[in-house]
Amino acid sequence: MAATDRPRSIAASAECSDGSRSVQIASAARTASGGAQGVNKTISALTSAALALPGLASSVQAAGPMERQWDVGYFHYEEGGERMRVESLKQSLVLPLGDALDLTLNAVRDTISGASPIYNVPEIRCQDGRVFTAPVISVSGASGNAEPRGTRPERPPLNTGDCRLGSARQVMLEDTFQDVRTAGDFKLNYYRGDTSLGLGAGVSSEQDYDSRFLALDLRREINDRLTTLTFGYSLASDTFSPLNKPDFSGDKDAHQILLGLTQVLGRNDLLQINLTLGYDQGYLTDPYKNVYLLSTNEAIDESRPDSRRQWNLLARYNHYFTAFKAALHLDYRYSRSDWGIEAHTLEAAWIQPLGQGWHLVPRLRYYTQSEADFYRSYFETLPASGDYSSDYRLAGFGALGGGLKLTRQVTSQARLDLGVEFYDRQSAYGLQEHTDSAFADYGFTIYSLNLHLEF
């Protein structure tokens, strides 16, 4: 996710703990389900049926050049409390090029609108019943509006026995914000024997944000094709031109390296382990986020470190239950960054055939993260480190998510997918020690409709 909290990608909108754009390594890991010998053919088919599940799609690739196919999907993302809304249209075209090559072309157009939090202010409650909310001296949001608004209220003496600081509340950007994101990318795969090589690149453009990326991945099957080794690298170069700072632009480079191992454990079992190392450098601050400074009674721009290292570990286990003719997918992710954020994710999905071409896929997810070293809901004085942020995505919190997907194989060449997902962010769900950020709790729902054709 990019610097603002408006969703740049619906699929990646669940948690972006550090508020950064997610850099993709195209075809990062290939499970053995599609090509390894000895694995149950049904689990391979059921794994393919779950391709549209977030987090699973990147792990499953064809053993050789893929068949000609076309996907078109519509997605609607909506946050509670009349916050962000996104309408998204995506297309994907796969073209086999002879016996050793295939080409994938993707395009997406997102229409984004709504309101988003800018900073937090504390409430000051007095014994005589008065409640003061701190001032709003300037709200310079993504719309480019930098005009002062509101009247700076007189603030009573604090913590004197009569008046004390209470809980915080969020100050929202006006809900007139609108933006359109268009993006496109391609990937070319080359297959030779037990080895495949992928090259991908793409661009994304918004009125204030441009991104370009390049990705490479190498996959090799060994051990009688029961083991797949994966190496991937990607580089993304982004430029931020904030609308509220006409004479400023910031650049960021993001590097990611992936090492992966997929192992067939038996006819009904697959195991995948991926380790991802990321390094971002450049302008990582969100120009649309402020912090409230109690000592001066004003809101000022946030400031983040200009580099970040992040480590991610993914462990994935798939098991096919012969008695139910169904497959269970279990995922665990661990993430840690040198910003002090540590996160855990548990996810489970059940892929159940219903007969006559129908599949049902329920999914549950739990997420928890600690807060960044430089996060506070508001600041009394500026810290000596020079880094400070009140971005709710950098707070400690937990989240519950889930979804239900219904798939119908209409003909041998056409499949229709209908899905709904929910997400509930709560400060109280967090397992790690953190300051309360219940004022930032929210939820969202995603509805999706996708048509898959092979021709």
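My entries on the model, its confidence and the two residues follow.

**Basis.** I worked from a predicted model, in which local features need pLDDT of at least 70, side-chain atom pairs count only at pLDDT 80 or more, and totals for chains, interfaces and linings use all residues. Residues are numbered from 1 along each chain as its sequence is written, and side-chain values use heavy atoms, with hydrogens and water left out.

**Confidence.** I read a mean pLDDT (the predictor's confidence in each residue, from 0 to 100) of 84 for the chain, with 79% of its residues at 70 or more. Over residues 7-43 the pLDDT is below 50, and the model gives this stretch 153 contacts beyond near neighbours in sequence. I counted a contact where heavy atoms lie within 4.5 Å.

**Q263.** I located Q263 in strand β11, residues 250-266; strands are DSSP runs (E, at least two residues), numbered from the N terminus. Leaving aside residues up to four places away in sequence, Q263 touches N223, L226, T227, D269, L270 and L271. The Q263 side chain also reaches the backbone oxygen of L226 at 3.3 Å.

**Q409.** I found Q409 in strand β19, residues 397-411. Q409 counts as partly exposed because its relative accessibility is 33%, between the limits for buried (under 20%) and exposed (over 50%), with a 1.4 Å probe and protein chains only. Its side chain reaches the backbone oxygen of T411 at 3.0 Å. Beyond four places in sequence, Q409 touches G357, A414 and R415. The C-alpha atoms of Q409 and G357 are 4.7 Å apart, although 52 residues separate the two along the chain.

Methods: Helix = DSSP H or I, 4+ residues; strand = E, 2+ residues; numbered from the N terminus. Polar contact = N/O pair within 3.5 Å; in protein donor to acceptor, adjacent residues only side chain to side chain.
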